[in-house]
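Q: I am new to this kind of picture. Could you help me learn to read it?

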Amino acid sequence: MSDEMKADLWRRWRSGESISVISQQIGKPPGSVFTVLKHHGGIAPVPHKARAGALTMGEREEISRGLCAGDSYRAIAGLLGRAVSTISREVNDNGGRDVYRAIAAQERALDRAGRPKQCLLARRPALRQTVLTLLREEWPPEQIVGHLRLVLLL
């Protein structure tokens, strides 16, 4: 499903349309719409914001075209206004001259951009145990957060 279709899906979902209506409007089976909604828990994901200076999908496509045309890294870098080392590193990190594909490189870049840091409950077993105990005692999540802020100064 394209990004535009997903954006339309989320817009329609927020406005209260049913899965069957959304699927008819975007031309995808209801199961596909359900899968996207379920994967994100029914809440639209926050759009990814690339860091300043990161290669764009368009630049990666230009790199791919340049490689297919047999251009040197220096020629591709000049066309894009980038350092030769940036082009070289991008191509080598994504399979080399013969294997490089823009879409695969973009997907890998997005995967690598995710935060590797574990959540607080995963890093602090004592805190996790406290939260589990309070949940078992049927405390509402809002009260647990308030309690932890007072007790642990989070």
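Q: Is R12 buried or exposed?

A: R12 is buried, at a relative accessible area of 14%; buried means under 20%, exposed over 50% and partly exposed in between, using a 1.4 Å probe and protein chains only. This is a predicted model, where local features need pLDDT of at least 70, side-chain atom pairs count only at pLDDT 80 or more, and totals for chains, interfaces and linings use all residues. Residues are numbered from 1 along each chain as its sequence is written, and side-chain values use heavy atoms, leaving out hydrogens and water.

Q: Which side chain does R12 meet in a salt bridge?

A: Side chains of opposite charge can pair when their charged atoms come close. Here R12 meets E17, at 3.2 Å from N to O; a salt bridge is a side-chain nitrogen of Lys or Arg within 4 Å of a carboxyl oxygen of Asp or Glu. E17 is partly exposed at 24%. R12 and E17 also belong to a network of salt bridges with D8 and R11.

Q: Which residues make up the largest nonpolar core?

A: In soluble globular proteins, nonpolar side chains tend to be buried together. The largest core here has eleven residues, including L55, I63, Y73 and A77; such a core is a set of buried Ala, Val, Leu, Ile, Met, Phe, Trp, Tyr and Cys residues joined through side-chain atoms within 4.5 Å. Another core, of seven residues, lies apart from it, with L9 and W10 among them.
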